[in-house]
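Biologist: I am new to this structure and would like to be taken through it. Could we go step by step?

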Amino acid sequence: MKFVTSVILISISLGLVAKSTMSYRERKKQLDGKITLVLDIKEQLRLEPEVGKTSVESMRDQVEETYRVGKRADIEKVLTLAEGEILVTQRKLCTPMEESANGLYQKAMGLWIQMESEEKSGAIRLEWDTKEKIQRYLLMAKSEKDHAKEYYLSGNYQLSLHTYKRSLVYSLLTLRSQKSEIPESYQTADAAWVQPIWMGLHKQKQTSIQEN
């Protein structure tokens, strides 16, 4: 706990130094990106991140209103408070994201081990390119979730959340490649994050086949 507190204090201190050289526009742009990611994860995974005195949605609306019509002192106050709030929210959201990334990866890996066993016994036949694709996605899913943990420990919660999200995407791509059912709790995320990628991959494959 002391270590996490120290990391947060260091992050805030570094943030204060950076703010002194950043314009309000740049600070708001960074804040908007952090809020957008938190709300995206909340919506697609149906997670409810713990927040401070105000919800993330209320925070976003307050920042927008103050930035549009407020005075410099008001903008500074609202941005500073929101930056602190979103930092705490991101840190708390990393925990369920880590659990989700680990759980989905373990499910995809378990199914792959089962498929390999069935292939060896002659129960199923796997195409070489399908096996290569599954193995590549599993490798990336594990790599991303491991890196996300490192980013979390270093206090970079924004990058940690982004990377946990990528790990989930690779695990979902693995499940699709295995022709496995997507767990109900991930179906919304799969539709929003993975289906466009999947359709794009199949379109490229069809185009390549036609050209050859």
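Biologist: What should I know before reading any values?

Modeller: This is a predicted model, in which local features need pLDDT of at least 70 and side-chain atom pairs count only at pLDDT 80 or more, while totals for chains, interfaces and linings use all residues. Residues are numbered from 1 along each chain as its sequence is written, and side-chain values use heavy atoms, with hydrogens and water left out.

Biologist: How many helices and strands does the chain have?

Modeller: There are 7 helices and 0 strands. Helices (H or I, at least four residues) and strands (E, at least two) are DSSP runs, numbered from the N terminus. The pattern along the sequence is α-α-α-α-α-α-α.

Biologist: And what share of the residues is buried?

Modeller: Of the 212 residues in the chain, 37% are buried. The term buried means under 20% relative accessible area, exposed means over 50%, and partly exposed lies in between (1.4 Å probe, protein chains only).

Biologist: Let us turn to packing. How are two packed helices described?

Modeller: They are described by the angle between their axes and the distance between the axes. Axes are lines fitted to C-alpha atoms, for helices over the stretch in contact, and angles run from 0 to 180 degrees between N-to-C directions.

Biologist: At what angle do H5 and H6 cross, then?

Modeller: The axes of H5 and H6 cross at roughly 160 degrees and come within 8 Å. H5 and H6 are therefore roughly antiparallel; angles over 145 degrees count as roughly antiparallel, under 35 as roughly parallel, 65 to 115 as roughly perpendicular and the rest as oblique. Their crossing is left-handed, a term for a near helix turned anticlockwise from the far one by less than a right angle, with clockwise being right-handed.

Biologist: Which classes of residue make up the contact of H5 with H6?

Modeller: The contact of H5 with H6 has 13 nonpolar, 8 polar and 5 charged residues. Here Ala, Val, Leu, Ile, Met, Phe, Trp, Tyr, Cys and Pro count as nonpolar, Asp, Glu, Lys and Arg as charged, and the others, Gly among them, as polar.

Biologist: How does H4 pack with H6?

Modeller: Helix H4 (residues 72-120) packs with H6 at an angle of about 20 degrees, and their axes are 9 Å apart. That angle makes H4 roughly parallel to H6. The H4 and H6 crossing is left-handed, and the residues of this contact are 15 nonpolar, 7 polar and 3 charged.

Biologist: And at what angle do H2 and H3 pack?

Modeller: Helix H2 (residues 24-45) and helix H3 (residues 56-69) pack at about 155 degrees, their axes being 10 Å apart. H2 and H3 are therefore roughly antiparallel, and H2 passes H3 in a left-handed crossing. Val56 lies in helix H3 and is buried, with a relative accessible area of 2%. The C-alpha atoms of Val56 and Thr36 are separated by 9.4 Å, although these residues are 20 apart along the chain.

Biologist: Changing topic, how many aromatic pairs are there?

Modeller: A search of the whole structure finds 2 aromatic pairs. One is formed by Tyr137 and Tyr170, which are tilted, with 6.3 Å centre to centre and 35 degrees between the planes. Rings of Phe, Tyr and Trp (its six-membered ring) pair if their centres lie within 6.5 Å; planes under 30 degrees apart count as stacked, over 60 as edge-to-face and the rest as tilted.

Biologist: Where do Tyr137 and Tyr170 sit?

Modeller: Tyr137 is in helix H5 (residues 128-153) and Tyr170 in helix H6 (residues 157-177), 33 residues apart, and the pair links distant parts of the chain. Tyr137 is buried at a relative accessible area of 6%, whereas Tyr170 is partly exposed at 23%.

Biologist: What about Tyr152 and Tyr157?

Modeller: Their ring centres are 5.6 Å apart and their planes are at 50 degrees, so the pair is tilted. Both Tyr152 and Tyr157 are buried.

Biologist: Which charged residue lies over the face of Tyr137?

Modeller: Arg136 does, at 5.4 Å from the ring centre. A charge sits over a ring if NZ of Lys or CZ of Arg is within 6 Å of the ring centre and within 35 degrees of the ring normal. Lys28 lies over the face of Tyr67, at 5.3 Å from the ring centre.

Biologist: Lastly, the loops. What is the phi of Arg46?

Modeller: Arg46 has a positive phi of about 55 degrees although it is not a glycine. Arg46 is in the loop between H2 and H3 and is exposed, with a relative accessible area of 58%. Lys179, also not a glycine, has a positive phi of about 55 degrees. Lys179 is in the loop between H6 and helix H7 (187-211), and counts as exposed at 78% relative accessibility.
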